[in-house]
Amino acid sequence: MTMSLDGAVADPERFATVFDAHYEEIRRYAGRRLDLDIAEDLAAETFLVAFRRRHTFDAARGGVRPWLYGIATNLIGRHRRAEVRRYRALARSGPPPDADGHDQRVVDRVAAGVTVQRLSAALAGLSRGERDVVLLVAYGELTYDEVAAALGVAYGTVASRLSRARTKLRDALGVEL
């Protein structure tokens with residue numbers, strides 16, 4: 001993020017710009033990891049925690065975006081059992097119905113149902129650290145450096161967790177990742 005947005009973190013009067021710039025992205029990330037009904041609350045809690053801890057933000061360790069993803073990932077950790085249950089349920093039943101109701105989306109869902117079930121089962125089988133890294137890269141589109149900043153781990157840890165996760169996912173899904 002820009003230095004002005006990094007500066008907005010520390011300034012309570014300007015913190016709303018951080019919220020406006022990142023709320024929807026964090027909500028989508030939480031919704032992909034947990035149920036959508038939890039995502040709104042978790043995203044709001046992410047920004048509440050960020051506001052309360054704004055004095056701990058260090059732009060030298062990474063930008064605002066990875067910092068927020070780190071907070072959200074930690075909060076998701078509290079809901080970890082629900083996340084694993086959700087992946088296991090998706091593995092059994094497939095994805096939830098599409099709220100848009102478009103005919104093509106229905107066709108796409110039927111075609112993707114088996115893949116979603118297999119992917120959900122594979123994600124449920126990853127360790128917490130491996131799942132966090134995979135989903136921050138896949139859902140958050142964070143770089144290795146940003147994932148490292150978000151989770152407070154070394155770059156090499158991110159690389160090794162992602163490598164192990166890819167191997168496990170490749171074995172579970174029988175596809176090249």
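**A buried threonine and its surroundings**

Trainee: Is T73 buried or exposed, and why?

Mentor: T73 counts as buried because its relative accessibility is 1%; buried means under 20% relative accessible area, with a 1.4 Å probe and protein chains only. This is a predicted model, where local features need pLDDT of at least 70, side-chain atom pairs count only at pLDDT 80 or more, and totals for chains, interfaces and linings use all residues. Residues are numbered from 1 along each chain as its sequence is written, and side-chain values use heavy atoms, leaving out hydrogens and water.

Trainee: Which side chain makes a polar contact with the side chain of T73?

Mentor: That of Y29, at 2.8 Å. A polar contact is a pair of N or O atoms within 3.5 Å, one able to donate a hydrogen and the other to accept it.

Trainee: Where does T73 lie?

Mentor: T73 lies in helix α4, helices being DSSP runs (H or I) of at least four residues, numbered from the N terminus. In α4, 12 of the 15 residues are buried, among them W67, L68 and T73.

Trainee: Changing topic, which residues touch the most other members of the largest nonpolar core?

Mentor: V18, L68 and V134 do, in a core of 43 residues. Such a core is a set of buried Ala, Val, Leu, Ile, Met, Phe, Trp, Tyr and Cys residues joined through side-chain atoms within 4.5 Å. Helix α4 (residues 64-78) gives the most to this core, with eight residues.

Trainee: Why does this core lie between domain 1 and domain 2?

Mentor: Because domain 1 (1-103) and domain 2 (105-176) both give residues to it; the bounds come from an automatic or database domain assignment.

Note on methods
Buried means under 20% relative accessible area, exposed over 50%, partly exposed in between (1.4 Å probe, protein chains only). Helices (H or I, at least four residues) and strands (E, at least two) are DSSP runs, numbered from the N terminus.
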